[in-house]
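Me: Please walk me through one part of this fold up close: a strand, its pairing partners and what surrounds it. Keep it chatty, but give me the cut-offs.

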Amino acid sequence: MPHNLVSVRYLVDDVENAVAFYTGHLGFTVRSTFAPAFADVTRGNLRLLLSGPTSSAGRAMPDGAVPGPGGWNRIHLIVDDITAEVDRLRAVGLSFRNDIVTGPGGRQILLEDPSGNLVELFQPAA
């Protein structure tokens, strides 16, 4: 049911590439696809709306600004073993924006999707 999901929209350069990334590497499943404009994928109660350049979310604003992917907002995924997860993802050629950092709440790293959107992988402190 859509009302039971938390929805986050990511602007992406290529919807099919984004779907492959999230389903192939991070355990999401396809909910619907209208590629090349749009698809949505889910993982638990998280619904990730993947909007391509031809989607309504990608249309230019009245001032001419064109929405695009990237930035610093991100989804946050909890992992059991961040070192193993980073090793697994690096082994298949995925890119990270930083190295693992440790803070009072745990350890985190920022994974980049194919369009430069961020996915924070987080291992809580013991």
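Reply: Let's start with Phe34, whose bridge partner in strand 3 is Phe38. Before going on: this is a predicted model, where local features need pLDDT of at least 70 and side-chain atom pairs count only at pLDDT 80 or more, while totals for chains, interfaces and linings use all residues. Residues are numbered from 1 along each chain as its sequence is written, and side-chain values use heavy atoms, with hydrogens and water left out.

Strands here are DSSP runs of E, at least two residues, numbered from the N terminus, and helices are runs of H or I, at least four; two strands pair if DSSP finds at least two bridges between them. Thr42 has Arg47 of strand 4 as its bridge partner. Two residues separate these strands in their hairpin, and Gly44 in the turn has a positive phi of about 60°.

Strand 3 is mostly covered, with five of its six residues buried, meaning under 20% relative accessible area with a 1.4 Å probe, protein chains only. Helix 1 gives the most, six residues. Tyr22 touches (heavy atoms within 4.5 Å) Val41, Leu48 and Leu50, among others.

Terms used: Buried < 20%, exposed > 50% of the residue type's maximum accessible area, 1.4 Å probe, protein only. Lists of a residue's contacts leave out its neighbours within four places in sequence.
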